[in-house]
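I opened my notebook for a first look at this structure.

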Amino acid sequence: MYRIVVNGKASHAGLEPEKGINATVEISNQINKIVALENKDLGTTVVPTTLTSGTTSNTVPAAAVLDIDVRSYAISELERVDKAIKSLKANHPEATLEITGGLNRPPLQPTSTFELYEIAKKVAQEIGLGE
């Protein structure tokens, strides 16, 4: 799990939008980079989940917050995605990114629960629940 906070600069959206640094635009650029990290062939998912940005409809957003869910069956894939997310840089020269989170548990290998599954299956058969 990761969180990216974009820090931009607020300005009036109608009068002086050029004086702002739009955090919504910046986070959208980052989302495109993040989604590209997915690897379906290896079962690696990289999913932007919650996103908040802006405070009023007439203000260039000064901040945006994005949460990302990353999963894989391979630790090498998790490490690859971790490195890529932590190395993201803002597109706008005056915007900043605060990246938190990271690897918080090893991937669940299908073989790691096989023994428990076999025990549960045997117990289920013994009490008449079938497979």
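**Salt bridges.** I started by noting that this is a predicted model. I then looked up the salt bridges and found a count of six. One of them joins the side chains of aspartate 67 and arginine 3, at 2.7 Å from N to O. This pair links distant parts of the chain, with aspartate 67 in strand S5 and arginine 3 in strand S1 (residues 2-7), 64 residues apart. Aspartate 67 is buried, because its relative accessible area is 18%, under the 20% cut-off. Arginine 3 is partly exposed at 38%.

Next I turned to helix H2 (residues 75-86), where glutamate 77 and arginine 80 are three residues apart and so about one helical turn from each other. Their side chains form a salt bridge of 2.9 Å, N to O. Which of the two is buried? I found glutamate 77 buried at 6% relative accessibility, while arginine 80 is partly exposed at 32%.

**Aspartate 69.** I went back to strand S5 (residues 63-71), which holds aspartate 69. Its side chain makes a polar contact of 2.8 Å with that of arginine 71. Beyond neighbours within four places in sequence, aspartate 69 is in contact with Met1, Thr45, Val46, Val47 and Thr49.

Together with Ile119, Val123 and Ile127, Leu129 forms a nonpolar surface patch of about 410 Å² accessible area.

Conventions: Residues numbered from 1 in each chain as written. Predicted model: local features only at pLDDT ≥ 70, side-chain atom pairs only at ≥ 80, totals over all residues. Heavy atoms only, no water. Patch = residues over 30% accessible without salt bridge, like charges linked within 9 Å, V, L, I, M, F, W, Y side chains within 5 Å. Areas by Shrake-Rupley, 256 points an atom, 1.4 Å probe, with all protein chains shown as cover. Salt bridge = Lys/Arg side-chain N within 4 Å of Asp/Glu carboxyl O. Helix = DSSP H or I, 4+ residues; strand = E, 2+ residues; numbered from the N terminus. Polar contact = N/O pair within 3.5 Å; in protein donor to acceptor, adjacent residues only side chain to side chain. Contact = heavy atoms within 4.5 Å. Buried < 20%, exposed > 50% of the residue type's maximum accessible area, 1.4 Å probe, protein only.
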